[in-house]
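Subject: Structure handover

Hello,

Please have it open while you read the notes that come after it.

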Amino acid sequence: MEALILEPSLYTVKAILILDNDGDRLFAKYYDDTYPSVKEQKAFEKNIFNKTHRTDSEIALLEGLTVVYKSSIDLYFYVIGSSYENELMLMAVLNCLFDSLSQMLRKNVEKRALLENMEGLFLAVDEIVDGGVILESDPQQVVHRVLQSAKEQIKWSLLR
């Protein structure tokens, strides 16, 4: 039997999710059409939460996808890639996101603090991944760029 040889691709990340401790969506960004409708996305998110919220592991294979995840207080962070994706690459994205948020929220990575700082989360995710392509894995750089973006937004809002 011949081994399937896949062409290398920069499109590593299929989705980034943050769920609360009930499995409800706080943040979700899908980079392809694996789950095209919101109904399918929510069903996938419930399934992933039910399979992972009671385990101590960090990696799961679910519905033909590789899922790396981490929990913190009342939040669950997920980075999803295809079944043949390198788990270390996905874990680098997850750690970068978590560490960036930890710095931005002054080590208070919990639901209330995250909801009060959603704009920082959006900027951080956009700095880390764009269209499924990993752009940055250094949390220091991400936080620096998010702060620069915030300064630019404040400057432009004052000039109006």
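The notes below go through the strands, the cavity, the helices and the annotated domain in turn.

This is a predicted model, in which local features need pLDDT of at least 70 and side-chain atom pairs count only at pLDDT 80 or more, while totals for chains, interfaces and linings use all residues. Residues are numbered from 1 along each chain as its sequence is written, and side-chain values use heavy atoms, with hydrogens and water left out.

Strands

Helices (H or I, at least four residues) and strands (E, at least two) are DSSP runs, numbered from the N terminus. Two strands count as paired if DSSP finds at least two bridges between them. Buried means under 20% relative accessible area, exposed means over 50%, and partly exposed is in between (1.4 Å probe, protein chains only).

Strand 1 has antiparallel pairings with strand 2 (residues 25-30), over 5 bridges, and with strand 5 (residues 75-82), over 6 bridges. Ile18 is opposite Phe27 of strand 2, and Ala15 has Ile80 of strand 5 as its bridge partner. The hairpin of strands 1 and 2 leaves 4 residues between them, and Gly23 in that turn has a positive phi of about 85 degrees.

Strand 3 (residues 59-62) has Ala60 and Leu62 on a covered face and Ile59 and Leu61 on an uncovered one. It is antiparallel to strand 4 (residues 65-72), with 4 bridges, and Ala60 stands opposite Val67. This hairpin has 2 residues between its strands, and Glu63 in the turn has a positive phi of about 55 degrees.

Cavity

A cavity is a set of points on a 1 Å grid over the protein atoms alone where a 1.4 Å probe fits but cannot get out, and its lining residues have an atom within 4 Å of a point. Grid points are joined across faces, edges and corners, and a volume is the space filled by probe spheres set on the points. The whole structure has 1 cavity of 30 Å³ or more. The largest cavity holds about 40 Å³, and its lining includes Ala15, Tyr30 and Ile80.

Helices

Thr52 is in helix 1 (residues 38-52). Thr52 counts as buried because its relative accessibility is 2%. A polar atom of its side chain is 2.7 Å from the backbone oxygen of Ile48.

Helix 2 (residues 87-104) has 18 residues and spans 25 Å from first to last C-alpha, close to the expected 26 Å; the expected span is 1.5 Å times one less than the number of residues. Its buried residues include Leu90, Val93 and Phe98. At the start of helix 2, a side-chain oxygen of Asn86 comes within 2.8 Å of the backbone nitrogen of Leu88. Arg106, which follows helix 2, has a positive phi near 55 degrees.

Trp156 lies in helix 5 (residues 139-159). Trp156 counts as partly exposed because its relative accessibility is 48%.

Annotated domain

An unreviewed UniProt entry places the feature "domain: AP complex mu/sigma subunit" at residues 12-150. UniProt positions are given in the numbering used here, feature names are shortened, and annotations may be inferred rather than shown by experiment. Over residues 12-150 the chain is 45% helix and 26% strand.

Regards

Methods. A polar contact is a pair of N or O atoms within 3.5 Å; within protein, one must be able to donate a hydrogen and the other to accept it, and residues adjacent in sequence count only if both atoms are side-chain atoms. On a 1 Å grid over the protein atoms alone, a cavity is a set of points where a 1.4 Å probe fits but cannot get out, and a pocket is an open set with protein on both sides within 12 Å along at least five of seven lines; lining residues have an atom within 4 Å of a point.
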